[in-house]
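Welcome, and please have a look at the structure below before reading on.

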Amino acid sequence: MAQPARPPAAFRGQNGAGQQPYSNGPVQNQLMHSSDGQGYNPSAPGSYSHQMPAKVPPHQSSGQYNYSSSQIASQLNNYQGPGQILNRVAPPSGSPVQQAGSVPQVLPPAPQNSAASSAGGFGAAPPGLSSWPYGQAPASHPGGSQTSHLAHVAGTASIHPPSSLPGNSNPPGSYQYAASPGGPPLQNSYMKPASAPPPVTQPLPPLHLPRPPLGPPPVAGPPLIRPSTLTAAAAPPPSSSVPQSLLNSTANREGDAASTASDGSVVQNSYDAIEGGGLMATTHPSPATPNVNMGRNVGYSYPNLPPGYQNTSPGAPGLQAPALQYPDGSKPFHQPPLGPNHLTASMGTLSLQQEGLRPVNLLQERNILPTTILQAPVPNLHEDIQKLNCNPELFRCTLTNIPQTQALLNKAKLPLGLLLHPFKDLSQLPVVTSSTIVRCRSCRTYINPFVSFLDQRRWKCNLCYRVNDVPEEFMYNPVTRAYGEPHKRPEVQNATIEFMAPSEYMLRPPQPPVYLFVFDVSHNAIETGYLNTVCQTLLDNLDLLPGNTRTKIGFITFDSTIHFYSLQEGLSQPQMLIVSDIEDVFIPMPENLLVNLNENRELIQDLLKTLPQMFTKSLETQSALGPALQAAFKLMSPTGGRISVFQTQLPSLGMGALKSREEPNQRSNAKDIHLTPSTDFYKKLALDCSGQQVAVDLFLLSGQYSDLASLGCISRYSAGSVYYYQSYHHKHNPVQVEKLQKELKRYLTRKIGFEAVMRIRCTKGLSIHTFHGNFFVRSTDLLSLPNVNPDAGYAVQMAVEESLSDMQVVSFQSALLYTSSKGERRIRVHTMCLPVVATLSDVYLGADVQAITGLLANMAVDRSVSASLSDARDALVNAVIDSLAAYRSSVLSIQQPGLMAPRSLRLFPLYVLALLKQKAFQAGTSARLDERIFTMCQVKNQPLVYLMLMTHPNLYRVDNLSDEGALNINDKTIPQPPILQLSVEKLSRDGAYLMDAGSVMYLWVGKNCGQNFISQVLGVPNYGSVPQNMTHLPELETAESIRTTTFIAWLREQRPFFPILYIVKDESPLKSSFLQNMIEDRTESALSYYEFLLHIQQQVNK
Amino acid sequence: MESVVFIFSLIDCCALIFLAVYFIITLSDLECDYINARSCCSKLNKWVVPELVGHAIVTVLMLISLHWFIFLLNLPVATWNIYRFIMVPSGNMGVFDPTEIHNRGQLKSHMKEAMIKLGFHLLCFFMYLYRLVSQSAAR
């Protein structure tokens, strides 16, 4: 079956397709096994070759720690303190500076796995993950080249005082990155290049180090020696570490260890105990006693194992030493049971688990919706590890208990995948500046809290299990200013961290922020009056655009021709250049179309003020969007940056012209609706843009059909975002104007990352096979994101390729490399750790119903596009049926009547029903095609929180808000009313209810609503005088009004878009859209929740 | 006459074999990240039509020269080639679409398809060779 390329053929039958609607991932692919090892370069012990000696000196010389423990993640933190160096390290002249867009061509030595071919279908998994990182640089230099590179830099270094920062007059080409190695003070403190050899030379296979179980071999003791530097830790003299490594561990040391390993781990009478359980209290031989006769070959010194290390695996390495083989797993040094919590589960946890296992009869329990916002389930990990785990808002997995095998996953009938929000605005984000970023040498994973330190000199990667060296530099902890505590470094204490990337992570000098605005100025566009709003908002926020002195800005307008604006210095007013040859677009002048924002501010402001008036008399109705985009692309391609396109109609001229495909009468005919693009022009252009690090954001303000399915491609594949304002008109639709203003302000001022790439890595054995979101998948696991913004979410589907049975936990890491608007190259890394389970009931126990729903929605969008909408709807329903049927047949021992669901999935049918009633997937005629497609774009691009809100709105009763249980933020009291079920039966005529549907809010006022509410909050005398189309609450001085408005303002603040508030009365026309969101109720075309449950029950019990 | 038909078929078949190998190599390059999706797909899409035409010619030739068995053998493959070419969605950049190829295991299925075609063309090659030889031996 080689068809999958042709979905229509493959999935023709609607029900047939439903049978395995969303296979939970690829079919397990036997052939892939062979290729796996290749993906992660062989990490077999034998290949362990240290390059330490070569490496150390350069690291040292260029090393500077500059760590600020919790900076606000604003763009300002490049100035990090007095010692900070402000200039960047220049790429050495000989280093390859490539166009960032070009594809890295340096190849890893991985053999081809061409033989791997899959069972096809939905289910094939990608080939072994490649092990090389973003640019070519790191990957292409095995071992020491990086070193020499740095050395070179160091040689030419000069330190610039902050004041010598290049002035703002830098032309783009001349970024001045003076090479400046680290701060001298540190440099001297522990640099000891020559002394490093001990860790280096071992021929020993890495894993055998933690040691000879019984009885010390005559000479070999050393690895376990715990010479103490820590007593003198504050400023560990470099010299002391050397002798330590030479210390001999003879009997006395051993005895010492045994007697002191008292921290509860099994007491070994050997070095193992030392490794596992040394205590600070132990009397350490002073570092000055060099005990010299120990063999060099075991040069790993343990300066000391500080408390964090102490509880290493209960099983004590010694016991496992012989068997301690490569996949054996991940036992982080600091945690006894890294694995699932079973062993340590307290009574409380146990009962909680049982609670979690207790099935819920959905037909009986009516009120399953929690009254507070549903939190993500907490992975069942030891609390110390869980404490370090990544925030679920950033990184979430559909199954917090990962099934051991693909077979188990298939049995559970739940999708396995991740939902990410990697660039979310964070209030606290540790930022590390260090010249070496510690990464696994084979899979390039960044060091993270879930790696295990075998000893102080080596750490084992938690993704590929390769043992790596801890670089000398990493031994120093800038936070505590202590030496010899690599496990206390911020990198190992934070699952979310940002690195300042050195020059190896640049393919070219970081680009300046460049913003290009492309406006539609055809007659239709001028009619809507959007240009006034946009120009005014832009004018107001010109100073807030993220950027620095290098920021550049430009403007293009188009109707049937393309207009450029020269903003040359010295001109008294902007000069318009018209290009009417739209078949072969060219840039009329090479410079001055994109100009420096700061130097030409007056001219730019001038232009923005006059622009709205310039075209008021235009009668041109044609729109040459395609050529305008081509021109914009040409203008931007030398630098990269962001293009914001404002379009109000179907493009009708030149390349990319489209024809109307919407036939209003056939909207209901789900089979014929056009969800696929009609041309590949926009996709191709988007890929060109992506290659040149240009992202295109589309603002569609259109009354008529504009074929968003085709136009949206331009943003989708260039990692832009789509905004849609249906029927925008400055007079007829004033609420849209406010929405545009607010959202545009957010859009203009939010953080932005340029020329970004993201890689998602996961523990060997898992693989990613499908990606969802706005980006281009450049190679198997590398997402190319010309721009990244804090409001974008991503999702991936995964498969279990190899059995994970010998692991207790698996980890996922996303690394986003981007250029900040200040011109710094940064890497934001998130790492998540999850337990592996072997039984189906555990899989269900850990299911995260929101994440599952989010992932299913993404999959359903793909399905609607590749097959049909009805197929996608069937697949959604089947996802519920299959999982509940599997639960019923495989987990429940007693067959009870009713519809049983695991507690974790009790909301699953409700959420899926909500998806079916959402605009993207609803059947029936009410959704316009563009609106439907826009909702699909949002499903793909929104982070999970907002997606869930759009799918299943929150309903609050607001006429009786009280301060009980209220939140207090910034001296404001924000009431927290309980969330109600979305059913009319919960509404009462004498109340007022707020429905928060993400991008829109409805305040429904009942007929007999309390007089108090109407007068105090709505500010009108009685129900009858509530205006029909009220969209704002008046600011009144009453307590009720303040409560309500602060509550609404608080809800609005939490999201990047601006929900319009509609006040709905019984007779208002919006009532139907309000009721449409009452998901549990029946609508003309969709089942009620109870009917839906009955339908599922029928199918499940079949 | 017969021999001319088979000589031509042999040459054509050789070309198709090379093409299949080229597909396999390029796809596996993509699999190993040696090239990116964009360049891989544009390379391959160029050869989709030549492959289709090349195979269609042999098929038609066999029909004309009344080699029913060989014609029927070739027919499904030729049909499949044409079908998948026709069924490319309008928004896609060809049979191989760089934005899709990494999703849902498309890469694997393309690879598998290329492998099967390689096998098929090899089979055909030997068959034509056999017929050619037996032709000339008979003469």
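## A buried phenylalanine in chain A

A:Phe921 counts as buried because its relative accessibility is 0%; buried means under 20% relative accessible area, exposed means over 50%, and partly exposed lies in between, with a 1.4 Å probe and protein chains only. Before going further, please note that this is a predicted model, in which local features need pLDDT of at least 70 and side-chain atom pairs count only at pLDDT 80 or more, while totals for chains, interfaces and linings use all residues. Residues are numbered from 1 along each chain as its sequence is written, chains are lettered from A and ligands numbered from 1 in the order in which they are written, and side-chain values use heavy atoms, with hydrogens and water left out.

You will find A:Phe921 in the loop between α28 (908-917) and α29 (929-941) of chain A. Helices here are DSSP runs of H or I with at least four residues, strands are runs of E with at least two, and both are numbered from the N terminus. Setting aside neighbours within four places in sequence, the residues in contact with A:Phe921 include A:Ala857, A:Val861, A:Leu869, A:Leu876, A:Leu915 and A:Arg932; contact means heavy atoms within 4.5 Å. A:Met936 is another of these contacts, and its C-alpha atom is 8.3 Å from that of A:Phe921, although 15 residues separate the two along the chain.

## Strand pairs in chain A

Let us turn to an open sheet of 4 strands in chain A, with the order β3-β5-β25-β22 and antiparallel pairing. Its edge strands are β3 (395-397) and β22 (766-772), each of which pairs on one side only. On average, neighbouring strands of this sheet are turned by 25° against each other, direction ignored; the axes behind such angles are lines fitted to C-alpha atoms, for helices over the stretch in contact, and angles run from 0 to 180 degrees between N-to-C directions. Two strands pair if DSSP finds at least two bridges between them. Within the sheet, β5 (residues 417-420) and β25 (residues 794-800) run antiparallel and are joined by 4 bridges, with A:Ala795 as the partner of A:Leu419 in β25.

Strand β29 (residues 954-957) pairs in the antiparallel sense with β33 (residues 992-996) over 4 bridges, and also with β32 (residues 979-980) over 2 bridges. A:Leu955 has a bridge partner in each: A:Met995 in β33 and A:Leu980 in β32.

## An enclosed strand

Why is β35 (residues 1060-1064) of chain A described as largely enclosed by the rest of the structure? The reason is that 5 of its 5 residues are buried. A:Ile1060, A:Tyr1062 and A:Val1064 lie on one side of β35, and A:Leu1061 and A:Ile1063 on the other, so both faces are covered by the buried criterion. Strand β34 (residues 1000-1005) runs parallel to β35 and is joined to it by 5 bridges, A:Val1000 being partnered with A:Ile1060.

## Chain B

Chain B has 4 helices and 0 strands. Its C-alpha atoms fill a box of roughly 55 × 30 × 20 Å along the principal axes, and 57% of its 139 residues are buried. Of its contacts between residues at least 6 apart in sequence, 76% join residues at least 24 apart.

One residue to look up is B:Ser28, in helix α1 (residues 2-31) of chain B. B:Ser28 counts as buried because its relative accessibility is 1%.
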